[in-house]
Amino acid sequence: MPESGGRLKAGAGIVATASFTPAAAAYSAADTIGVAKEFTFTFADSGLAIPEGALIRIVTSVIKIDQTGVISGETSYSLPLHSVTPPSAIADNGAYTLLSADLAAYRGLLSLGTPVDLGTACYVRTQYSDQQDFILASGKTSMFGYLVTAGAFTATAVARQITLCGFVV
């Protein structure tokens, strides 16, 4: 959260969320779930927007799926991140590929892990031990991501809720 004078408090956490809902359809490995979604970062303790164009570090991601079991073939997910809406505009259930039109906006990839059946929901929390630093675009407090499945499976139309947590570097 900003202090008076525009400085940041040390250790101020940030958070962003997005929800990706697949069609009730068969997805191949490396297909996108839904379309690119915006992750708008705010300070976790106040809900205020982070500084535009900030350098951020993502230290944790969480996937929550409100379904009672992992679907056969539903393995891990990844989240390619972009500084603006990706020009490629890959459609739901389209094969993810980093196209030349997306290179200027591409910021990197987060491996989100494999959901685990916890009874009433499937869940995975991933801690990043390496440096997951991203520079937001000038004038922006957000990034855009595609949710990409590693395995082939037939999805139900249940949202995959993604939360990213970190701090401004």
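Cys122 counts as buried, at 1% relative accessibility. Cys165, by contrast, is partly exposed, with a relative accessible area of 26%. Keep in mind that this is a predicted model.

**Cysteines**
- The count of disulfides comes to 0, where a pair of cysteine sulfur atoms would have to lie within 2.5 Å.
- Cys122 is in no disulfide, because its nearest cysteine sulfur, that of Cys165, is 20 Å away.
- Cys165 is likewise in no disulfide, with the sulfur of Cys122 as its nearest cysteine sulfur at 20 Å.

**The open sheet**
- Here 4 strands line up in the order β3-β11-β6-β7, with antiparallel pairing, to form an open sheet.
- The edges are taken by β3 (32-40) and β7 (106-113); each has a single partner strand, so one side of each is left without a neighbour in the sheet.
- On average, neighbouring strands of this sheet are turned by 25° against each other, direction ignored.
- Strands of a sheet pair through backbone hydrogen bonds, in either a parallel or an antiparallel way.
- Between β3 and strand β11 (residues 142-149), which run antiparallel, there are 6 bridges.
- Thr40 has Ser142 in β11 as its bridge partner.

**A nonpolar surface patch**
- Leu55, Ile135 and Val169 together make a nonpolar surface patch of about 250 Å².
- Leu55 belongs to strand β5 (residues 55-65).

Key:
Residues are numbered from 1 along each chain as its sequence is written. This is a predicted model: local features need pLDDT of at least 70, side-chain atom pairs count only at pLDDT 80 or more; totals for chains, interfaces and linings use all residues. Side-chain values use heavy atoms; hydrogens and water are left out. Patches are made of residues with over 30% relative accessible area and no salt bridge: like charges are joined within 9 Å, nonpolar side chains (Val, Leu, Ile, Met, Phe, Trp, Tyr) within 5 Å. Accessible areas come from the Shrake-Rupley method with a 1.4 Å probe; for residues, only the protein chains shown count as cover. A salt bridge is a side-chain nitrogen of Lys or Arg within 4 Å of a carboxyl oxygen of Asp or Glu. Helices (H or I, at least four residues) and strands (E, at least two) are DSSP runs, numbered from the N terminus. Buried means under 20% relative accessible area, exposed over 50%, partly exposed in between (1.4 Å probe, protein chains only). Two strands pair if DSSP finds at least two bridges between them. Axes are lines fitted to C-alpha atoms, for helices over the stretch in contact, and angles run from 0 to 180 degrees between N-to-C directions.
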